[in-house]
Amino acid sequence: MNTYSKVPTEFPKEFLWGGAVAANQCEGAWNIGGKGISVADIEELPKEYDRKTVFNFKHTLEDIQRHIEDKEGNYPRRRGIDFYHHYKEDLALMKEMGFKCFRTSIAWTRIFPKGDENTPNEEGLKFYDNLINEIIKDGMEPIITISHYEMPIHLVTKYGGWYNRKLIDLFYRYAKVLLDRYGNRVKYWIVMNQINSFGWGADFPGLGLALNTHEDMLEARYQSLHHQFVANAMIKKYAKSLKYDIQIGVMNGCKFTYPKTCLPEDALACYQHNEMNQFFYGDVLLRGEYPGYAWRFFKEHKFNLHMQEQDLALLKENPSDFFSFSYYCTAIFSKEKGLEENTLLSKSVYGWSIDPTGLRYLLNVYWDRWQKPIFIGENGLGTFDTFENGKIHDQYRINYLKEHLKSLKEAIQDGVNCFGYASWGPIDIISCSQGEMDKRYGFIYVDLDNDGKGSGRRYKKDSFYWYKHVIETNGSEL
């Protein structure tokens, strides 16, 4: 036997090339078809702002009510790119590129407008019937995120978000409706987008926690997170009971850190930071139990978390099937200063470090830790594009993606089981962290500005043709 035959030289034959979007950033139609108001629909884009800090998702209950009632402000997520009405033509462009998969989310408020109804909204269910059918008709594997920062705002104002244990049953009811309805067509499900994002120093809308409603907000976050863990395990248990081949995934948002120096104290501090900000979520949901370092963290912070014995048994018996993560940047960490940007790396115009090698590094770390199949749920360059005479020459985007795909290929040769890659986002949409249209990621340009002005027409960028060729050659020609 040739010992080198064990080393793969190419991407797997059935590798899922594709792209990813989120309902709240692309669909629009925020008050059409029986849809209710979500946490995304209250994010207003001010007339003047700092692009790097515009959205921190920090709201009091008073703020929330003001935004709900506001009819004059600029709320880009409410209109998106009108994917709701244009999904067929948009998916046709993905098909032209040769996509093997398309990741999107289901807007919770299209199915349960307030979140606590007993009966789902049939009009919303029919929309996703049509969308999923179209994805499949165009030759793509649908990869569906159940919760992507789209919680009904009613669950925040009435229940206090995920801090309230009642959210477990409400979310499970919602997820069960989706699995029953679409489980015969959707194999891959990501339960919660970037479940670790609440730890990035902002109250991301995934938890639905309004500020100033808890004496210890950090404790409240971990209590809320525990309820998300339990819901995740319940959904996995239900998926196992169905006759379909359903795979349940855990997803992180990655801002992995390297030690700032070679000092052992920095290395330890950095590792502990990565434990609670990166590994913790997968350790619970892929291994099925709270790790020892987490129990110590809770003890040292004097957290009084309410867990039921059956919660821990449920987690142990229902680990998830695969791991997904978004990859954009890395940082450094030291005992003295904590989290810092890495000045040795170049940065995007939005200040995000560019670290293709880090993708290979992380893929190996995650694979070695959990030995579960990996799907790259997001990766891309958000920046400005120049639109002239119907053309967009975005060689900078091609260069960025090419280097990251080279690292992915190296990781596969290292033995990492990565079964797919979804570029974020294949078509320009409203950015999450800025709420802008100006921050563009796509292979397809959408002629809309931050105020929603423009023709809305779609145009192919240079990167469109590059990615099409990458898929045609299954990554052998980057």
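Visitor: What makes the 8 strands a barrel?

Guide: In this predicted model, the 8 strands close up in the order E1-E2-E3-E4-E5-E7-E10-E11. Their pairing is parallel. Neighbouring strands are turned by 25° against each other on average, direction ignored.

Visitor: How do you know that E1 and E11 pair?

Guide: Two strands pair if there are at least two bridges between them. E1 and E11 (residues 418–424) have 5 bridges, in the parallel sense. They therefore count as paired. Within this pair, Gly-19 stands opposite Ser-423 in E11.

Visitor: How do you know that E1 and E2 pair?

Guide: The cut-off is at least two bridges. E1 and E2 share 3 bridges, so they are a pair, again parallel. Ala-20 has Arg-103 of E2 as its bridge partner.

Visitor: Why is E1 called largely enclosed?

Guide: Buried means under 20% relative accessible area. In E1 (residues 16–20), 5 of the 5 residues are buried, so the rest of the structure largely encloses this strand. Both faces are covered. Leu-16, Gly-18 and Ala-20 lie on one side, Trp-17 and Gly-19 on the other.

Visitor: What makes E2 and E3 a parallel pair?

Guide: E2 (residues 101–105) and E3 (residues 141–147) are joined over 5 bridges in the parallel sense. At least two are needed, so the strands pair.

Notes
Residues are numbered from 1 along each chain as its sequence is written. This is a predicted model: local features need pLDDT of at least 70, side-chain atom pairs count only at pLDDT 80 or more; totals for chains, interfaces and linings use all residues. Side-chain values use heavy atoms; hydrogens and water are left out. Helices (H or I, at least four residues) and strands (E, at least two) are DSSP runs, numbered from the N terminus. Axes are lines fitted to C-alpha atoms, for helices over the stretch in contact, and angles run from 0 to 180 degrees between N-to-C directions. Buried means under 20% relative accessible area, exposed over 50%, partly exposed in between (1.4 Å probe, protein chains only).
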